Every structure is written in structure tokens, then in C-alpha cells.
Amino acid sequence: MRLILMGVSGSGKTTLGEALAARTGWPFLDGDAYHTPEARAKMAAGLGLSDADRQPWLQQLRAELRRRPEVILACSSLRRRYRDMLRVPGVRFVYLEVPPETLRSRLHSRGGHYAHADLLPSQLQTLEPPGPDEADVLSLHVTRQDSPAGLARLTLSALGLDHAY
């Protein structure tokens, strides 16, 4: 299985990905590491990426997914067409749905990352939440009280993997 943890900046993709990787032993890839320096600079300036900016990034992530039978990838996957591009055999998405006020709080307290709170409005505007016809998406409604370990257990259970890990 290939898991893609999706959501806007600050939703907890990396934190959950690391928790899941620790439980499963699967490799964890942070999609942010695959952005070009130009894309990172643009986001650091509070500017959203265009589809043209994202195209080579998504192609590289798709290649990574195809090479690995088991992997956990943190990738915003904000639009349906981006998710469609990443849909290789065995992919399941986990959509981290977090209230905007929690996202803002997380982003304001996060240091050392190029995606600051200034980027959140653009991300929320770009976001196309998964539709009911996207059967390969598990939606998690995340609150401030949810711990990474608890979300990892919930994710594995919902995907029918709790018995294995």
C-alpha cells in the first residue's frame, strides 16, 4: 500500500507520516523536500504555486510512488487533478481536515519551514476537498486534542492495517 497524507500547510502531514512510518517500518517521504528552490522561495514569500509550478513536482512524486510498493508520502494534493496524477496502483489518500483557526495557530508557532501562515489563505482557496466519488480517500477530522500516535492508530485501523502493525 502507498499512503498519501494530504491537506493544507500545517495540517500535520509530516508529523502523522513520521508516526505511521515508525509503526509500520515503511519509508516516509516528505513531498516538501521535492520542491524546486524556486517553488520554495515563492512559498516563503507567501505566494501560492501555480499548476505549472506544481507539474514537475507532482511528476517526480508519482515516479517515487511507482518505485516503492510500500511508502508514506506527505503531499498537499490540494486539487482533484493533482490527486489523479498521483493515483498509481495501491494508493490510498488520508485527508487531514483541520479547522482554519487550528491551522493558523500551528503555522504561527512553527519555525524553520518556508511555508508560513501567509500561505494559508492561498492553500485554502486552492483546496478541493475530496469528493464522495473518491473512494480511495480516508478523511480524518483533526482537532487540537488529537495526538500523532492516536491519529496513527486511527488511520491504520480505518485502513484495516491495525492487526499488522
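Residues are called buried under 20% relative accessible area, exposed over 50%, and partly exposed in between. The legends below describe close-up views of a predicted model.

**Figure 1. Arg87 forms salt bridges with Glu134 and with Asp136.**
Arg87 has a relative accessible area of 22% and is therefore partly exposed. Its closest approach to Glu134, taken between N and O atoms, is 2.7 Å. With a relative accessibility of 5%, Glu134 counts as buried. In the salt bridge between Asp136 and Arg87, the N to O distance is 2.6 Å. Asp136 also lies in the loop between α6 and β5, and the pair links parts of the chain 49 residues apart. Asp136 is buried as well, at 18% relative accessibility.

**Figure 2. A network of salt bridges includes Arg87.**
The linked residues are Arg80, Arg83, Asp84, Arg87, Asp133, Glu134 and Asp136. In the structure as a whole there are 13 salt bridges.

**Figure 3. Lys42 and Asp53 are joined by a salt bridge.**
The closest N and O atoms of this pair are 2.7 Å apart.

**Figure 4. Five parallel strands form an open sheet.**
The strand order is β2-β3-β1-β4-β5. The edge positions are taken by β2 (28-30) and β5, each of which has a single partner strand, so one side of each lacks a neighbour in the sheet. On average, neighbouring strands are turned by 20° against each other, direction ignored. Strands of a sheet pair through backbone hydrogen bonds, either parallel or antiparallel.

**Figure 5. Strands β4 and β5 pair in the parallel sense.**
Five bridges connect the two strands. Leu96 stands opposite Leu140, a residue of β5. Helix α7 (residues 148-158) packs on the sheet and touches both β4 and β5. The direction of α7 makes about 150° with that of β5.

**Figure 6. Ser77 has a positive phi.**
The phi angle of Ser77 is near 45°. Most residues other than glycine have a negative phi. Ser77 is placed in the loop between β3 (71-74) and α4. Its relative accessibility is 0%, so Ser77 counts as buried.

**Figure 7. The largest nonpolar core contains 44 residues.**
Ile4, Leu20, Leu65, Cys75 and Leu86 have the most contacts inside this core. Strand β4 gives the most to the core, with five residues. Leaving aside neighbours within four places in sequence, Leu65 is in contact with Arg2, Ile4, Val71, Leu73, Leu86, Val88 and Val91. In soluble globular proteins, nonpolar side chains tend to be buried together.

Methods
Residues numbered from 1 in each chain as written. Predicted model: local features only at pLDDT ≥ 70, side-chain atom pairs only at ≥ 80, totals over all residues. Heavy atoms only, no water. Salt bridge = Lys/Arg side-chain N within 4 Å of Asp/Glu carboxyl O. Buried < 20%, exposed > 50% of the residue type's maximum accessible area, 1.4 Å probe, protein only. Helix = DSSP H or I, 4+ residues; strand = E, 2+ residues; numbered from the N terminus. Pairing = 2+ DSSP bridges. Axes fitted to C-alpha atoms, helices over the stretch in contact; angles between N-to-C directions. Contact = heavy atoms within 4.5 Å. Core = buried A, V, L, I, M, F, W, Y, C linked by side-chain atoms within 4.5 Å.
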